[in-house]
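Dear colleague,

Please find below the structure that I am handing over to you. My notes on it follow.

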Amino acid sequence: MKALLRTGLVGLAGVMTVGTLTGMPAEAATCANNTACNTTVTFDVTVGALEITVPNSTVDLTNDAAPGGYSSGQLGAVTVNDARGSATPTWTASVTSTAFTTGGGDDPGETISNASVSYCSGTASATNGNGTFTAGQTGCAAPPPATGQALSASRTAYSHSGGTGSNSATWNPLITIATALSNVAGQYTGTITHTVT
């Protein structure tokens, strides 16, 4: 019994030794005197995502409006971050809007259609990376008149083309809402939505 136990332990030690030897890294090449001895080195450039960030709390436009006037103000920083590390990092940020309503929105005087909501991206406050950054709208100014484009349809807020690798852009769009003489008094609420593709 003792002989069997001793043999088993010796065999186990042999297995452990072999396992240790096979886990050792391979040695580098050995080169003669005055001969270049090379080691290949690799690393990865990691891939990120294409993302858009917008103000996530309720924005109260700076300037209120009387019926038949204009409400306007900056929406806040909108940022596209393209960390895809692409050879062709092209993207387009688009913007849409709902109608704005007060009360129940059932009476015609309680609704302002998205055709009366104008968006003006203006020049980016910050850009990083190479390629071309293009504003969807320029010449932004307080009303009257409204500047930019009506959000009765999806509009390009900002875009990027050309270059390589990663990039980002930040802008602060001007929102202008034209009210009708028939609009009733109240706090109007709507949703402006950005997407990036």
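Which residue in β3 is the bridge partner of threonine 53? It is threonine 79.

This is a predicted model, in which local features need pLDDT of at least 70, side-chain atom pairs count only at pLDDT 80 or more, and totals for chains, interfaces and linings use all residues. Residues are numbered from 1 along each chain as its sequence is written, and side-chain values use heavy atoms, without hydrogens or water.

As to confidence, the chain has a mean pLDDT (the predictor's confidence in each residue, from 0 to 100) of 89, and 86% of its residues reach 70 or more. Residues 1-21 have pLDDT below 50, and this stretch makes 0 contacts (heavy atoms within 4.5 Å) in the model beyond near neighbours in sequence.

Strands are DSSP runs of E, at least two residues long, numbered from the N terminus; two of them pair if DSSP finds at least two bridges between them. Strand β3 pairs with β1 (residues 50-53) in the antiparallel sense over 4 bridges. Strand β3 is also joined to β12, again antiparallel, by 6 bridges, and serine 86 has glycine 165 in β12 as its bridge partner.

Leaving aside neighbours within four places in sequence, isoleucine 175 is in contact with residues including Leu61, Val117, Tyr119 and Ile192.

Yours sincerely
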